[in-house]
Every structure is written in structure tokens, then in C-alpha cells.
Amino acid sequence: MFNFKRPHHKLHTSDENDLRLSDLKPGEKGRIVEIGGSENFRHRLIEMGLTRDAEIWVDKYAPLRDPMELIVKGYHLSLRGMDAQKIAVERIA
Amino acid sequence: MNFNIAVAGNPNCGKTTIFNALTGAKQRVGNWPGVTVEKKSGHYTHSDNIFDVIDLPGTYSLAAFSAEETVVRQYLENDEADVVVNIIDASNLERNLFLTTQLIELGKPLVLVLNMMDMADEKGLQIDVDTLATLLGAPVVPVVGRTGEGIDLLKEKILRVSTEISMKARLIDIRYPRDIEIEIEKLHQLIQKNDVTDKHSRWTSIKLLESDQQTRDEVRLHNNCADILDQAKISINRIEVLFKDTGRATISSARYGFIQGAMRECVVESLIDSVDYSRQIDRVLTNRWLGLPIFGLFMWLMFKLTYDIGSIPMDWIDSGLVALMNFISDLLPNSMFASLLVDGVIGGVGAIAVFLPNIFILFLIIAVLEDSGYMARVAFIMDRVMHNIGLHGKAFIPMIMGFGCNVPAIMGTRILESRRDRILTVLINPFMSCSARLPVYVLVAGAFFPDNAATVIFSMYILGIIAAIGSGKLFSRTILKGMSKPFVLELPPYQRPTLRSLVLHTWERGYLFIQKMGTVILVGSVIIWVLGYFPTEVELDRDYGSERTTLAQYHDSQLADLESKFKKSVDQDRSGYHSEMIVYESSSSYLELHEQFQLLQEELTSEKSKQLYSLRQQEIGDITEQKWIGRVGKIFEPIVRPLGFTWRESVALITGFVAKEIVVSTYGVLFGVGEDVDEGSQGVISGLRSSGMTPLVALSFLVFTLLYTPCLATVAAIKRETGTWAYTFFSIAYSLGLAYSLAFGVAYFGRMFNWLS
Ligand SMILES: Nc1nc2c(ncn2[C@@H]2O[C@H](COP(=O)(O)OP(=O)(O)O)[C@@H](O)[C@H]2O)c(=O)[nH]1
């Protein structure tokens, strides 16, 4: 369904930081390290303000556990778990 | 003077509100050429100048990802607009300014509008408007679109930017980090030297660094393009090495960097703890446990209100139509023209007109859901389910609407952003069993499954849902694969809808429906009338007139026989009667005889009318068989025979193509019980039963009715929303194919195992 043609840009997967946005629980906050996935997907997210180093808040999960609701740059955004999994984050307090 | 003004901005920034505030009610809605993106235009006058305003679709960027973005970009690049008015949601400044940075680079005279200033205040944001104007190099007007505050000032600014040369000059460039600027400069100089585009050459340079396909194609059309494209490649490589990301991502991030710098200079966030009301509301409405039940309740209320409130004016329209029919019939008795008006036009269009109140109420409720911001939450709640079919959560709404009527539902697919999702939703929508199919179910199920009618009808709805889901999965894996977009959905703050916007939204969509009634349905009804009316003289094999006389005579003689027998018995009985106390006519033996006589008489009379009625039905059937409509039915009979259908079903299904309700009235005509049969009508039921239809065939007929193309209006809506005949014909062919296969399956396996014979 998706175009899995990998961009030449790859997600760094260093061991100490393998935390994904989809791993964060409601109420937790993270900072974006890197966005993987297709070119179009990455650009879409960057244009919506999910740039590297942007802070992101997981507000809640939908009643059926997917998608999730985030707060970024002061507005509410919803992403599916499978897409959030392509976003590497670091947890911040 | 005449000026073209283009209004651009993010989705939900209040663009429509500002557009309405500028142009008032004088607006036209159309489509952008080639794509089904709504195009709204209007105009206003200010200081003797006419301003033609185009409301561009809401977009987050000018990257040309979606149909909307492509439309916006093409319009802005084609130099049609004299001034671009960029609406910015002040309460969501950072993300809204992303589009602004691109509009600045495009180099058009620009007016920036800070909308939703009231919300920004509430959030505790203080925006230094003058500094922002200096930083962005364009006039900034703060407004509150909801109340109209600041609109006059906006008009003034638009006038000045349109007419004063000095206001048009672009004083500011978005500055990028030094390493990017160096590459931009290199490309910029090459482009200027070669005089490649007439566009802002800095814009072209930046777009080349973003690997923008459209820009590359344009550059390729010129001489010396090789130099420029080679340089672009080298520059992108350098940026990728330096910034460890693609050129496009780097530039987008740098835009946000610029915006953050600007925000630091002109936005003060006061420390008062502002309450995020929307979040509070969402604690309940999208709550893990309450979210689904509340959504279910809203859906139930939507149907309840649509049908309950809608049925009140429905009855008025119905009686109005009947009165009109009677009036016309009295005025022009028995002429062809009267029949055309009464049976063709009023009968056909009226069958649809009675649904108008339901449709308007449904649209109104949907407008409320949209304007309040709840629609985005529906997408959030239902995405998991719709994702299974390869669709976006928002696609759930048109599916639900389909239970009411497929036409507004298909028009409702406009709320979906991706064209692929829209087409997929349009294609599976007709399988959602609309209310017009219900009368057919009630009639046929009532005739053949009197004990289990409700179960049979309910199964039809379920079968429709299964067909929709199955087809959705099939399409998203075959003809519509690979076009799917990731789910990135903004959940805008809740708003109290304004009456004005509700009325506008409801009217816009409702009007399209009225238009359809006046065209497609009108023409279709007249065609069916013509097919059923001509030829006016038909030759029948049987002489019904004399058959009727013979039949009547036979029964009358039977009755006469009975009476004389009765008299004879009475006379005999009376001669043996001797009591002086009671007159003979009150004696028990007479009463007994009389009762017997009455019973037999009733039996004979009812037998007589039954046979006459059945003869009349056969006659009308025979007549209809000779009419064009019957001949058409005969032509298609061999095709539907494997399903167990006769020419009658074939006619009913063909007329049902105009509108499903017509199936019922067609049977009414075929069995000679007149046009106004209601679904419970005994005449049609006995006609159906005596026509040789078995319960199995009835079931197969129901399956076919459920699945085949719902009506002409739906076909027109599919054409309108997909924009191509290809998808329209595909939809017709697919639904006919599916209907045929499943109905055949029912008939075939039923016969094999001897079910319901
Ligand atoms: N509080 C507030 N709400 C506004 C303002 N302007 C528009 N809205 C509301 O914002 C919502 C989205 O507006 P709309 O014009 O439909 O946005 P569009 O998607 O950009 O066309 C609607 O509910 C409007 O009533 C404003 O200045 N203040």
C-alpha cells in the first residue's frame, strides 16, 4: 500500500537511542531525533512542524488504540502507530 | 479598475469565514478544471474598484503533493492573481507561517491576515504586529473573522497593495543558513544569466534545491538547462553532506528556523495558565471508554433527527403532490399531456422530492459536525476501522451518510483530502443500502417472508456493508493501490458553529441535489413514462372484453342458480311448517337456511371479483408487455432468466435504475393496481405471489436490488465527484456484475439444495 522505496537517507539506529514515538505513553514528552519512512511522508511531517529537535507531547490514544493524538508546536495532530514508529525520539522530562 | 485577489492559507485557518466576510453572499461554487477540488469565487467593490476574489483550497504547503496543493501552486505561479491574501491562524502561528514563507518567496504582492486574534488572546499570546510586518516584509492585518472585526482595514490594505507600486516591492527574503544561501546564490546567478524563467528566480533556485519535479520540468524546457540542473545536483549534494539530510528536508527545517527566530522577536507568551478548552472537551468526547459510545449516540441522533423531523414536511410534500396531481387530472382529463405531467413528471420527480427535507436536515447536521470540529474527531475515533479497508478515518462519514441517500454521501466524500481515498469511497458507497431501497425490501420480503421479514431486511443491510468492505479491500489492492497517503490529521480546536456558515454549507450542497432533480431525474422519469405510454394502441392475443363478459355472465348465472335453489328450499320448508306462534321467517330452520345461503353467496361474489381482478391484472400485464417498456424487458429477459427473473423483474430493475423506489411503483403498474401502491399493498403482493415468483427468486431479486447501481442521481454524483466517465462506467459495470453474480449464486445454490422453492 505504501511506497517502500527507501530514500537514500536512512534512520540511524544506534543502540542507546532506539526509542520511537510510538513507544511513548500518554502524557510523555519527546524530542524528535530523526524521521524515517518514504520521502513524501518525511516531508509531509516536516512541513507540519515535526522538524528535527521539535518537542512532541503524546496526549492520548484513540479508543481503539490507534491512532495517537500529539501536541506539536501548540496544535493537536493525529498519527497512526505504524507511522509514529518511523519517528525516532528521545524522551524528555 | 479590476483586481484579482487570491485567498490562501492552511486548512481550518478561517479562510472561508474571511472570504465570506469580504464577498458577502455573492459567490459561485465550481470545480477547478480537471480536478474535483472546489473552486469558490466572489467579488466586492471598494473605492470604485472591483475585486474578484478566489478562495484557494486550504493547504499546509506549496509542495504539490495533493490535488489541492497543485491547484494553489498553479494558480499562484500563473500570474493570474494581482494580490495574494494569506490568512494566518494567529493562535497557531508557527505552523501557519510555514506556508507564508513560501508565499513570500513566490514574490507576489502579499497581504498577511492574522485571523483568530480572539483565540490568540485567550491563549495568552501577544503578537507585535508591526515587528512581524517588518520581519516578513508585507502588511499584516489583525482580524477576527467571526465578528468581522478588522475586515474594513483589510479591504483598505488590499486596495493599497493593489494600487500603489511601492507597496508591491518585496523588501525581504527568507534568510537561510549561510551554507544554503551560498548554493541558492550560485543557482540564482546561473538562472538570471540564462534568463530561464520569468518567475521570481530565487523561488526557482530554492525549488531546485528542494528537488521539486515541476520546477525541474520547467527549467528543462529552456536552453542551457543542463548547466543549471548540473549545478542543482552539485548543490543538493553539498547540502546533504553538510546537513545530513535531503535538500528538501533541510530547507523545510530552515524555514521553521526562520519562523522560530521571527516568533522570538514578536510573540510574547504570557505566563497566565490558559485553559485548552478543546482538550477538556476531548477528555470526554474522544475518551478511551466514552469516545465510541458517544460517537454511536451522535450517529443514532443524526438518523433519528433526519428521519423524524424530515418526515413531517415529507407528509406535507406528499399531500401537496397528490393535490397537484388531482388538480391537473381534473383540469386536463385523460389527455396524453396530463398523463405526462401526472405520471411522468410529478410521479417521478415527486418520488425524489419527498426526500428533500431529510436531505437538507442531514446536510445541516453534517455542517454542524464539520464546523464544530467534531468531524476530525470522528476520523480519529474510526480510523482504526477504516484503515482496514485502506481508507482514512474521515471516510467513515460518507459511508454512514450512504444509509440515508448515496447522492449526498458521495458529495460528502469531498471532506477527504486525497483523491485516491475519495474515489475509493465513492466506488464503495452505493453498496450502503440507502433509504430508497427499503420500500422494495418491505414489499418483497413482506410478500414472501411474512414471518421473517425483519430478518431478511436486516440481512440486506449487512450484505451491503460486507460488499462495501470487500470491494474496498479489493480496490485498494488492485486498481487503487499505491496512491494511499499517510494519516496526518490536524485536530482543530472546537468552535461554536456560526449560523451563517451552517446555512451556507447546507444550502450549497442541498442546491446541488435540487439541481440534479431538475435535470437527471426529470429526464429519466419522462423517458420511463414514454416507454410505458407508447404505443398507445396495442394488439392483444386475447379478447379481454368478451372474456370479462363471459366470466361475469358465468358468475352471475351461478349466483342466480344459488338464489333459485335457496327459494326452492325455503318453499319446501315453509309447506311443512305449522307453528302459529312464530312467523316462518323467524323460525330456526329458516334462519339456518338463510345463513347457509348468505355464506355461499359471499363466497361466490368474492370468487367473482377475484377472478375479474386477476383477469384485469393479466390484461394490464399483457398491455404492458406490448408497450415499449415491456419489449425492453423482454429483450433483457434472457439475461436475467438464470436468476429466476421474468420480464417483469427485468422491467422493474430497469426502471429502478432511475431511482430504486420506482421498482415498487413499476410493480404497481405491472399488476394493475395503479401508481400509488404503498409497500404493503395487497394487490402487488398477491400479484407477485401469483406471478410464479418463489421465495428463492424473491431473495435473489432482493440481493440484486441491493447491489446494482442505486439510481441515476447517484451515477451523476459519481461522475461529478470522480470527474471521469471511466470510474463512472466502472462503478456501473462493477455493481451490475456483483449484483448479477451474487443473485445468481443465491438462485443457483438455492435450486441445487432445494431451498425456499
Ligand atoms: N474564534 C474564532 N473563530 C473563527 C475565526 N474565524 C473563523 N473561525 C472559526 O474557525 C472555524 C474554521 O473556519 P473556516 O472559515 O471554515 O476555515 P477554513 O477551513 O480555513 O475555510 C469555523 O468554525 C469558524 O467559525 C475567528 O476569527 N475567531
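## Terms and basis

A polar contact is a pair of N or O atoms within 3.5 Å; within protein, one atom must be able to donate a hydrogen and the other to accept it, and residues adjacent in sequence count only if both atoms are side-chain atoms.

The model is predicted, and local features need pLDDT of at least 70, side-chain atom pairs count only at pLDDT 80 or more, while totals for chains, interfaces and linings use all residues. Residues are numbered from 1 along each chain as its sequence is written, chains are lettered from A and ligands numbered from 1 in the order in which they are written, and side-chain values use heavy atoms, with hydrogens and water left out.

## The ligand and its surroundings

A backbone N or O atom of B:Gly14 is 3.0 Å from an oxygen atom of the ligand, and a polar side-chain atom of B:Asp118 is 2.9 Å from a nitrogen atom of the ligand. The protein buries 87% of the 580 Å² that the ligand exposes when taken alone; such accessible areas come from the Shrake-Rupley method with a 1.4 Å probe, and for residues only the protein chains shown count as cover.

Helices (H or I, at least four residues) and strands (E, at least two) are DSSP runs, numbered from the N terminus. The most is given by α1(B), with three residues. There are 16 residues around the ligand, and those that come nearest are B:Lys15, B:Thr16, B:Thr17, B:Asp118 and B:Gly145; a residue is near if one of its heavy atoms lies within 4 Å.

## Salt bridges

Over all chains, the structure holds 41 salt bridges, each a side-chain nitrogen of Lys or Arg within 4 Å of a carboxyl oxygen of Asp or Glu. One of them pairs B:Arg238 with B:Glu183, with the closest N and O atoms 2.6 Å apart. B:Arg238 lies in helix α11 (residues 225-243) of chain B and B:Glu183 in helix α8 (residues 178-194) of chain B, so the pair ties together parts that are 55 residues apart in sequence. B:Arg238 is partly exposed at 37% relative accessibility, whereas B:Glu183 is buried at 1%; buried means under 20% relative accessible area, exposed over 50%, and partly exposed in between (1.4 Å probe, protein chains only).

In chain A, A:Lys60 and A:Glu69 form a salt bridge whose closest N and O atoms are 3.8 Å apart. A:Lys60 is buried, with a relative accessible area of 14%, and A:Glu69 is buried as well, at 1%. A network of salt bridges links A:Glu34, A:Glu39, A:Arg42, A:Arg52 and B:Asp245.

## Backbone features

Most residues other than glycine have a negative phi, and most peptide bonds are trans. The peptide bond from A:Asp66 to A:Pro67 is cis, with omega near -5°, and A:Pro67 is in the loop between β2 (55-61) and β3 (68-72) of chain A. Another cis peptide bond joins B:Phe534 and B:Pro535, with omega about -10°.

B:Ser47 has a positive phi near 50° and lies in the loop between β3 (38-46) and β4 (49-55) of chain B. B:Asp48, with a positive phi of about 65°, is found in the loop between β3 and β4 of chain B and is exposed, with a relative accessible area of 75%.
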